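User: I would like to go through a structure with you. Could we begin with how helix length is judged?
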Amino acid sequence: PGVRCRAAEGNGGSKMNAETEKVASPPGSILGRFGALLGSQGFRMVLESVFLIILAKRSQAVYGDFMLAFNMGAIILAVTELGLNQHLISRLPLSKHNPAAMLLGYTVIKCVLFLCAWTCILVAAIGLGYSPGLTLLVMVVATGMGMEAIASSFFSLMRYRGQQKTEGGIRALAAVAGFGYGFVMLVVRASAAVLGFFKLLEALVNTLLSVSRAVVAIPSRDSLLTRHDILRIFRGSVVFLLIALVSILYNKLNGIVLHRLGGAEAMAQYSSTWAIIEGITAIVSNLMLEAVLFPVFARLHTEDRQRLSALVQNAFRWLLLAAVPITFVAIVESDRIIGLVYGPRYAAAAMLQKPLAIAIPVGFLHNLAGYLMLGTGNEKRLLGIYAGGLLLCVLLCFSLIPAHPLAGAAVSILAVKVIVAAMTVGFCQLRFGLIDRRRVTEVLVAVLAMVSIYFLVGTWVWREVAEAAALIPLLVLALRWRRAAQQGRGTAQP
């Protein structure tokens, strides 16, 4: 690790206050940082998937209640984070404050928001008539997710320093603690509320260890942010708060309405397939975009806009190419994926997965555009787009879900995501030239070839052979891009 020193001259003229902060040297490539987090995130996702699959097979109703608790907890997570992680990262290169002191100021704001959001969720749970057991489950999971939001500030500073490997180790250890407890409680057949404490334990480990690693030195009293500084940060973060709140509402509203009008079992059917789709999208959104590319966007926007344009074009084409085979497999293998994971009782989920798989490429590209807008000071425009998406989501949820619960929930989220993505990607295309038309045309030609091969070959061979053959055009295109990058003809390696 390198050492960065910053000296500030006091009013006395010659007196210097040296502040030393340990900063990890950045890894050699974006893929190196991504891989460090992907390992721990993949490990955690395996544990979470096994835990939820066992729960889903044991009881659809309990699984549906858990999914409701996660949806409610996601609201607390969004409100507590306030978009402050993105705000913190975008301000670090420009601030005169000690990063650790800035971090403590942001944490104070998060703690206040957490208490307010927690109280609102409790009032909502009681007002919606949830049973005492369901209310306890919702509040326990929500508390854990709120603590995760507080820990995420410390993880953000670690990412800014390039310490993704350390973050990955902490998250893996926390996952072992939390899900280890959860598996023990499954074995002894504990109640749903007792099972829910796995989230609280995982969040506690993440919080304690992230604090110990991010705050390498206690900032002096003189370097701490004043009350005026904290209020200024809060005022500057209001737009980020609204973005986070509106975003999580239009993503989770259909599930909450579905649980209310369709019941816990309908919620279980929808959540079993949406968890797969959302999980795939989250890997790219949370790891590649938020943890790796977003800090780079924020720096390049002020340092080198030409490199920023090249980076986002390269990211767009590779994300689009990566999304195509994932979406293809999710559609054609939906019956096997859901049947293998959840069993025959989730046949409706297998049918839902086919249209919902479209959300994978839509999510990849929208999240890239969204983080680009945040990192380049266009958060107010992003808020306007999200607000329109939320209004559309409310309209669709309450007009479609009452008559057709499962189909209505799927159509609501998919329509909103497509429209929001079209607006964010369109804005970034106009402002930053996000789309390289030649590269996108190559992807579309490969997709056309993939679909043609699948239907032509699939009429006389096993489906597995047809699926493998259909992926050949995409593989050829990826190898061609890779070779061009290595020879210096492409913009950069993925």
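Analyst: The expected span of a helix is 1.5 Å times one less than its number of residues. Please note that this is a predicted model.

User: How far does helix α2 reach from its first C-alpha to its last?
Analyst: Helix α2, residues 60–81, has 22 residues and spans 31 Å between those two atoms. That is close to the 32 Å expected.

User: And how many of the residues of α2 are buried?
Analyst: In α2, 18 of the 22 residues are buried, and the helix is mostly covered.

User: Changing topic: at what angle do α11 and α19 pack?
Analyst: Helix α11 (residues 305–332) and helix α19 (residues 472–486) pack at about 155°, and their axes are 10 Å apart. Angles over 145 degrees count as roughly antiparallel, and α11 and α19 are therefore roughly antiparallel to each other.

User: Which residues make that contact?
Analyst: From α11, the contact uses R317, W318, L321, V324 and P325. The residues from α19 are L474, L477, A478, W481 and R482. By class, the contact of α11 with α19 has 8 nonpolar and 2 charged residues, with no polar ones.

User: What is the handedness of the crossing?
Analyst: The crossing of α11 past α19 is left-handed.

User: One more residue: where is T135?
Analyst: T135 lies in helix α5, residues 132–160.

User: Why does T135 count as buried?
Analyst: T135 counts as buried because its relative accessibility is 12%, and the cut-off for buried is under 20%.

User: What does T135 touch?
Analyst: Leaving aside residues up to four places away in sequence, T135 touches L122, A125 and Y130.

Key: Residues numbered from 1 in each chain as written. Predicted model: local features only at pLDDT ≥ 70, side-chain atom pairs only at ≥ 80, totals over all residues. Heavy atoms only, no water. Axes fitted to C-alpha atoms, helices over the stretch in contact; angles between N-to-C directions. Helix = DSSP H or I, 4+ residues; strand = E, 2+ residues; numbered from the N terminus. Parallel < 35°, antiparallel > 145°, perpendicular 65-115°, else oblique. Left-handed = near helix turned anticlockwise from the far one by under 90°. Contact = heavy atoms within 4.5 Å. Nonpolar A, V, L, I, M, F, W, Y, C, P; charged D, E, K, R; others polar. Buried < 20%, exposed > 50% of the residue type's maximum accessible area, 1.4 Å probe, protein only.
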